[in-house]
Amino acid sequence: MIGLYTHEDMLDHRPGATHPERPERLAAVIEALEAQDALDFEPRDAPQAELADLLLVHDADYVQRIFDAAPRAGLTRLDEDTVMSPGTLLAARRAAGAVAAAVRDVAAGQFERAFCAVRPPGHHAEPGAAMGFCIFSNVAIGARVAQLSGLERVAVVDFDVHHGNGTQAALAGRPGLLFASVQQWPQWPGTGHPDQVVADNVVNAISPAGGGVAGWRSAFSSLMDRVADFRPDLILISAGFDAHRLDPLGGGPGGQQLGAEDYGWATEQIVAVARASSRGRVVSALEGGYDLEALGRSAVAHVLALQQG
């Protein structure tokens, strides 16, 4: 059985009618999962992240700025892509809280694996800055919570089409943590190329724009070799599905051309490493993915592979 952590409050983050990161994304994921008879999951309400958990990753003044910026009406723009509505602060706290709760429950043996259907996403949020639709660094917070829960060695695998610059900034150089990310190159935000100087606990792989499925799978496999060598006690996944061929941000002729089956394959590789070194423990959290049909299908393939592996 998979733990499924989510909350309807996350639908109330409304950054604008034309914004790609819209409430319908989360609804599409939940509807697709609930329609899949082969899935066996236990729903859990995502709690609000405690301030202490947010401060494991984020600067105190940044957290206070986010709290202060939350509007009572209208929209507050944090950067050119990241917007707060009246429901955003609660949604962001539940997104981070979902991952923290899932990690604690997996560490305690309640579940072997969990999927956090959350928004806003988190992997671009840096310790002191919102960025790229992201408010709090959900998965980085989960990694630090895991260590405090007795899982000393934690690997984060990020397969979003965009580099998880925020997760990298939060985890780089921290003992017992590994950040492994595959992303399209070139691609926003312009980080994540293997030639860039990074801490020893960071490994980045790239798949060229328009490079196709074979190149992406090869790049991903190179990451898993490093994750296996690290022998983590837990693997966290930043599950972005925007390298799908139908995605408006990462798909099309210049994209990676992935299908739902490729996300299932990648998840199987992660689960195999987890079975060998982590007692099977995996916690995944939703990041990108902006075509509703592709997002739903990809999420189903991902969670099925989490369950069956």
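## Chatting through a predicted model

Reader: Hey, so how does H7 pass H8, in a left-handed or a right-handed crossing?

Author: In this predicted model, H7 passes H8 in a right-handed crossing.

Reader: OK, and at what angle do the axes of H7 and H8 cross?

Author: At roughly 15°, with the two axes coming within 10 Å. H7 covers residues 212–230 and H8 covers residues 260–277. Angles under 35 degrees count as roughly parallel, so H7 and H8 are roughly parallel to each other.

Reader: Which residues of H7 and H8 make the contact?

Author: H7 brings Val-213, Trp-216, Arg-217, Phe-220, Ser-221, Met-224, Val-227 and Ala-228. From H8 come Glu-261, Asp-262, Trp-265, Ala-266, Gln-269, Ile-270 and Val-273.

Reader: And what does that contact look like by class?

Author: Ten of the residues between H7 and H8 are nonpolar, two are polar and three are charged.

Reader: Switching topic: which residues touch the most other members in the largest nonpolar core?

Author: Those are Phe-115, Phe-136, Phe-159, Phe-220 and Leu-236, in a core of 97 residues. Helix H4, residues 88–107, gives the most to this core, with twelve residues. As background, nonpolar side chains tend to be buried together in soluble globular proteins.

Reader: Now Ser-284. Is it buried or exposed?

Author: Ser-284 has 0% relative accessibility, so it counts as buried. You'll find it in strand S10, residues 282–286.

Reader: What is Ser-284 in contact with?

Author: Leaving aside neighbours within four places in sequence, Ser-284 is in contact with Ala-114, Phe-115, Cys-116, Ile-237, Ala-239, His-302 and Leu-306. Phe-115 there is one of the core residues touching the most other members.

Reader: Let's do a loop. Where does Ala-199 lie?

Author: In the loop between strand S7 (177–185) and strand S8 (202–208). Ala-199 counts as partly exposed because its relative accessibility is 25%. Not counting residues up to four places away in sequence, Ala-199 touches Ala-172 and Gly-173.

Reader: What sort of peptide bond goes from Trp-185 to Pro-186?

Author: A cis one, with omega near -5°. Pro-186 is in the loop between S7 and S8. Trp-188 and Pro-189 are joined by a cis peptide bond as well, with omega about 10°, and Pro-189 is placed in the loop between S7 and S8 too. For context, most peptide bonds are trans.

Terms used. Residues are numbered from 1 along each chain as its sequence is written. This is a predicted model: local features need pLDDT of at least 70, side-chain atom pairs count only at pLDDT 80 or more; totals for chains, interfaces and linings use all residues. Side-chain values use heavy atoms; hydrogens and water are left out. A nonpolar core is a set of buried Ala, Val, Leu, Ile, Met, Phe, Trp, Tyr and Cys residues joined through side-chain atoms within 4.5 Å. Buried means under 20% relative accessible area, exposed over 50%, partly exposed in between (1.4 Å probe, protein chains only). Helices (H or I, at least four residues) and strands (E, at least two) are DSSP runs, numbered from the N terminus. Axes are lines fitted to C-alpha atoms, for helices over the stretch in contact, and angles run from 0 to 180 degrees between N-to-C directions. Angles under 35 degrees count as roughly parallel, over 145 as roughly antiparallel, 65 to 115 as roughly perpendicular and the rest as oblique. A crossing is left-handed if the near helix is turned anticlockwise from the far one by less than a right angle, and right-handed if clockwise. Contact means heavy atoms within 4.5 Å. Ala, Val, Leu, Ile, Met, Phe, Trp, Tyr, Cys and Pro count as nonpolar, Asp, Glu, Lys and Arg as charged, and the others, Gly among them, as polar.
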